[in-house]
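Please look through the structure shown below, and then follow the paragraphs that come after it.

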Amino acid sequence: MNQSKVNTISDDLAVEVYGSNNAWFKAWVIDVFKTTALCTFENGWKPNQYIPFLRIRKLPEYSINYAYSLNEDVEVKSNTNPSCWWPATINLISGDRNTFSIVYSSTGSGTKSNYAGDLVGRDRIRPMTQSKFFHEAMLYKYSVEVPDKMMECADIPGVLDDVAFKHFREDTQASLIRYDKETRKIVVLTPHMEVYKDVEACFDYQLSLLEKKVDQLLRKKRYADRLQQYREEFKIHPNFMGLAIGARGKNINECRRIPGIIALDLE
């Protein structure tokens with residue numbers, strides 16, 4: 001299962017995923033395929049999952065001032081963690097029409113023995129949703145395989161993470177740019193054709209910037225490796241040992257603080 005960590009995702013990719021308990025949970029699409037989407041869940045309460053399109057819908061749009069009616073079928077937000085939206089029915093409305101008594105199935109089974117009641121305000125109720133199910137054509141996807149050289153530094157902060165893609169994402173307004181460890185690809189998602197075209201036009205340049213950063217990191221690594229392997233030994237006449245060490249080891253400590261000095265030992 002793909003567990004790539006994603007910290008920066010636009011609300012353009014926010015959806016709701018249907019659970020086995022007849023409830024809808026908030027999630028974000030982080031990749032799309034022919035019949036499924038890879039989703040990451042709110043607050044990471046469960047692992048990323050490949051979800052069939054028929055269990056994904058766009059976030060509902062509704063007015064907080066919607067005029068509800070008695071016995072109307074609605075959806076109510078749970079006060080659990082993670083929160084979800086359950087189907088329910090209004091059986092009482094307060095005089096100010098801002099508080100509602102609702103009845104819903106506590107298990108999603110729909111049997112009378114499992115029905116429960118609750119009092120909710122307008123912030124926890126919404127009309128029964130008629131949102132469209134998600135499908136592949138709702139998003140434009142651009143992906144490029146990461147060069148082998150870049151893979152050597154893939155786990156180094158600032159190479160293939162949110163920090164590395166920050167300016168590119170801001171410049172193109174892409175909804176998501178992430179590195180997928182399983183496919184070894186950089187994946188870009190957006191619901192807008194014009195953004196997709198910008199990404200396509202600028203991606204080679206962005207990749208060249210990342211490659212330059214990787215080249216610098218590899219040079220530093222090779223330099224550090226050489227320093228680590230370099231060792232110099234020399235002898236000091238016993239009459240000059242005190243002068244070399246300095247008062248209370250002052251000269252030795254100053255040498256150890258010189259950039260590039262990994263270790264200085266006396267025998």
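**Surface patch and aromatic rings**

Phe234, Ile236, Phe240 and Leu243 make a nonpolar surface patch of about 470 Å². Such patches are made of residues with over 30% relative accessible area and no salt bridge, with like charges joined within 9 Å and nonpolar side chains (Val, Leu, Ile, Met, Phe, Trp, Tyr) within 5 Å; a salt bridge is a side-chain nitrogen of Lys or Arg within 4 Å of a carboxyl oxygen of Asp or Glu, and accessible areas come from the Shrake-Rupley method with a 1.4 Å probe, where for residues only the protein chains shown count as cover. Phe240 has its place in the loop between helix H3 (193-229) and helix H4 (241-245), helices being DSSP runs (H or I, at least four residues) numbered from the N terminus.

This is a predicted model, in which local features need pLDDT of at least 70 and side-chain atom pairs count only at pLDDT 80 or more, while totals for chains, interfaces and linings use all residues. Residues are numbered from 1 along each chain as its sequence is written, and side-chain values use heavy atoms, with hydrogens and water left out.

Turning to the rings, Phe168 and Phe203 form an edge-to-face aromatic pair, 5.8 Å centre to centre with 70° between the planes (ring centres of Phe, Tyr and Trp, the last by its six-membered ring, within 6.5 Å; planes under 30 degrees apart are stacked, over 60 edge-to-face, the rest tilted). This pair links distant parts of the chain, since Phe168 is in helix H2 (residues 162-172) and Phe203 in helix H3, 35 residues apart. Tyr140, Tyr142, Phe168, Tyr196 and Phe203 form one aromatic cluster.

How values were computed:
Helices (H or I, at least four residues) and strands (E, at least two) are DSSP runs, numbered from the N terminus.
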